[in-house]
Structure formats: structure tokens, C-alpha cells
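Subject: Handover of a structure

Dear colleague,

I am handing over to you the structure shown below. Please look through it before reading the notes that follow it.

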Amino acid sequence: MFASASSLIPAAFPALALAHFLALLSPGPDFFLILGHAVRHRLRGAVFICLGIAMGNALYICLAVSGWSIMRQIPSLYRIMELAGAGYLAWLGCLLLRASSQSASGTTSLAKGEANALSPARQLITGLGSALLNPKNAVFYLTLMTVILGPTATLQQQTFAGIWMTLLVFAWDAALAAAISLPGAQRALEKRIPLIEGLAGLTLAGIALWLALRPLFD
């Protein structure tokens with residue numbers, strides 16, 4: 001049993017798991033996307049966004065496992081994806097800002113907000129797009145799989161690490177949405193929904209602007 005476990009779990013797995021978890025703790029576009037939807041629509045309106053984000057991460061992990069390093073070989077492709085991601089984040093930010101403006105001009109209703117949540121299919125596409133149009137995900141997972149695990153890791157060990165990271169992304173994001181959905185959190189946040197949506201929208205738009213202008217500061 002111990003022999004089979006050692007063949008499945010790579011020796012560098014603790015370092016990889018720690019690096020991956022610390023990255024999850026750092027708020028990024030996905031965090032603010034989930035926050036902006038869960039604060040009004042609760043877990044029901046954000047869980048498939050979490051699933052889409054996890055699926056996007058899983059795809060990049062698969063590409064990293066297969067040795068896909070085109071991102072490093074063709075900088076222009078990375079830049080194209082970065083600009084596409086910036087445009088997508090700006091669009092999502094504008095949607096949240098519009099929702100914030102509409103909330104501020106009328107009476108906020110959490111029940112109505114939950115009823116108007118995106119369909120599961122639209123949530124899935126929104127989360128998937130957020131993950132796939134962030135080229136840093138590709139570089140991050142390629143670094144984890146090549147630098148931390150190293151060339152000696154077997155396909156079985158890489159697969160185990162990939163499944164672990166995918167499940168952790170989904171569990172962490174869904175836990176965030178579930179925490180925001182708790183009755184106590186909802187009561188505390190109800191009057192602040194326009195502010196939270198506005199801040200989430202501004203943050204996504206700010207990240208998009210930074211991505212678009214980043215070469216000017218390099």
C-alpha cells in the first residue's frame with residue numbers, strides 16, 4: 001500500500017500543493033468575478049462559474065502535463081491572449097458596474113437578484129472564459145509541473161497532481177461562494193451589494209487596463 005502511494009504521489013507534491021494553495025489565497029480576476037455574482041445570486045448563481053474556472057484550470061494543467069510550452073516560445077501569442085483576456089475582463093467589469101448602478105438607483109432585493117441569476121450554461125461559459133483568457137494560468141501551471149515536479153515525475157504522478165489542483169480550485173471557489181451565501185453574510189451584505197458589485201467591477205476593469213498597458217511599464 002505504501003509503495004503504491006509513493007508511486008502515485010510525487011516527492012515534490014507538498015511543495016507543489018503549498019505553492020498552488022498560496023496562489024489561490026491571492027485575489028485575482030476569478031475571485032472578484034465570483035464575489036460579484038455570489039453577493040447577489042448566492043451559491044446557486046455562482047457555483048457553475050466556479051466549475052467553469054476549475055475546468056479552464058484543468059485544461060491548462062493538461063497542456064502543461066503534455067509538455068506544451070508554446071507560450072514561452074511565441075511571446076506574441078501570449079500578448080494576443082493577454083489582450084483578449086483584458087477585453088473579456090473589461091466586459092465583465094462593465095456588467096458588474098452596470099448592475100451596481102441599477103441597484104443603487106432602486107431598492108436592492110436579494111430574492112429578485114437570486115431569481116435573475118445567470119443560467120448554469122452561461123455561468124459555465126463565464127467562468128471558463130475567465131480562466132482560459134488569463135495566460136498567466138498557462139505559465140503558472142507550466143512552471144509548477146516542470147520546475148517543481150521536475151522531469152522525473154511520471155505521467156501517473158502528474159495526473160494525480162493535476163486532479164488535486166483542479167479539485168482544490170473548484171472547492172476553494174465554491175467555498176467562497178457558499179460563505180457569501182450564508183444568511184448572516186447575506187444580511188450583512190444586503191445594503192452593501194451596489195458597493196461590492198461596483199468595487200468588483202472596478203477591480204476587473206482595473207486589471208484589464210493594467211494588462212493592456214503592461215508593456216509600457218516593462
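The notes below concern aromatic pairs and a nonpolar surface patch.

Please bear in mind that this is a predicted model.

Aromatic pairs

A pair of aromatic rings is described by the distance of the centres and the angle of the planes. The count of aromatic pairs in this model comes to six. One of them is formed by Phe13 and Phe160; it is tilted, with 5.3 Å centre to centre and 55° between the planes. Because Phe13 belongs to helix α2 (residues 13–25) and Phe160 to helix α10 (residues 155–181), this pair ties together parts that are 147 residues apart in sequence. Phe13 is buried, its relative accessible area being 11%, whereas Phe160 is partly exposed at 22%.

A further pair is made by Phe140 and Tyr141, which are arranged edge-to-face, with 5.2 Å centre to centre and 65° between the planes. Here Phe140 is partly exposed, with a relative accessible area of 26%, while Tyr141 is buried, with a value of 1%.

Phe13 and Phe160 also belong to a cluster: ring pairs link these two residues and Trp164.

Nonpolar surface patch

Leu18, Phe21, Leu22, Leu25 and Trp172 make a nonpolar surface patch of about 450 Å². Which helix gives the largest share of the nonpolar patch? That share, four residues, comes from α2; Leu22, for example, is placed in this helix.

With kind regards

Definitions and conventions:
Residues are numbered from 1 along each chain as its sequence is written. This is a predicted model: local features need pLDDT of at least 70, side-chain atom pairs count only at pLDDT 80 or more; totals for chains, interfaces and linings use all residues. Side-chain values use heavy atoms; hydrogens and water are left out. Rings of Phe, Tyr and Trp (its six-membered ring) pair if their centres lie within 6.5 Å; planes under 30 degrees apart count as stacked, over 60 as edge-to-face and the rest as tilted. Helices (H or I, at least four residues) and strands (E, at least two) are DSSP runs, numbered from the N terminus. Buried means under 20% relative accessible area, exposed over 50%, partly exposed in between (1.4 Å probe, protein chains only). Patches are made of residues with over 30% relative accessible area and no salt bridge: like charges are joined within 9 Å, nonpolar side chains (Val, Leu, Ile, Met, Phe, Trp, Tyr) within 5 Å. Accessible areas come from the Shrake-Rupley method with a 1.4 Å probe; for residues, only the protein chains shown count as cover. A salt bridge is a side-chain nitrogen of Lys or Arg within 4 Å of a carboxyl oxygen of Asp or Glu.
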